[in-house]
Amino acid sequence: MGDNASFGYLQGIETAKAGHKVWFIGDIGNMGRSTSTTCSSLRCSGTSRTLQKRSRNIDNGTYGTHGYNLTLANGGISLLKTRFISAKVWNEIRAAQTQIQLGKLKVPLTTKAPQVKALIKQK
């Protein structure tokens, strides 16, 4: 997509030790077919309530008057299961997704690099 995620991929590659495989979660779509370093991809669902609302807004002439957030809770995004993710880890991912959807696991909004770095340091 050419956004900050792309810069993050490049930074990971540039800072890796020589010969070290860099794993990442790709943006929008199955990037696993094109590279052996994509452990997963972000999937956007065209059937989510948010995108259905977008379609209604197009039909009634109000498209472009506000944004559309795709989230786990509204079915707009999810991770793609790939051969690089073990069954054990995939079960942990699905459990965390369920906790997020139920509001039991809060994911802080991090829109700036310093926020992301601070969050990573906490873990």
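User: Why is F7 called exposed rather than buried in this model?

Analyst: The relative accessible area of F7 is 53%, and exposed means over 50%, buried under 20% and partly exposed in between (1.4 Å probe, protein chains only), so F7 counts as exposed. This is a predicted model, in which local features need pLDDT of at least 70, side-chain atom pairs count only at pLDDT 80 or more, and totals for chains, interfaces and linings use all residues. Residues are numbered from 1 along each chain as its sequence is written, and side-chain values use heavy atoms, with hydrogens and water left out.

User: What makes N57 buried?

Analyst: N57 has a relative accessible area of 8%, which is under the 20% limit, so N57 is buried. N57 is found in helix α2, residues 49-60 (a helix is a DSSP run of H or I, at least four residues, numbered from the N terminus). Its contacts (heavy atoms within 4.5 Å), not counting residues up to four places away in sequence, are T62, Y63, H66 and Y68.

User: How do you know that the span of α2 agrees with its 12 residues?

Analyst: The expected span is 1.5 Å times one less than the number of residues. For α2 that gives 16 Å, and the end C-alpha atoms are 16 Å apart, so the two agree.

User: What puts the buried residues of α2 on the same side?

Analyst: The buried residues are T50, L51 and N57. They cover an arc of only 110° around the axis, so they lie on the same side of α2; the arc is taken from the directions from the helix axis to the C-beta atoms. The face turned away from that buried side carries the exposed residues R49 and D59.

Terms used. Helices (H or I, at least four residues) and strands (E, at least two) are DSSP runs, numbered from the N terminus.
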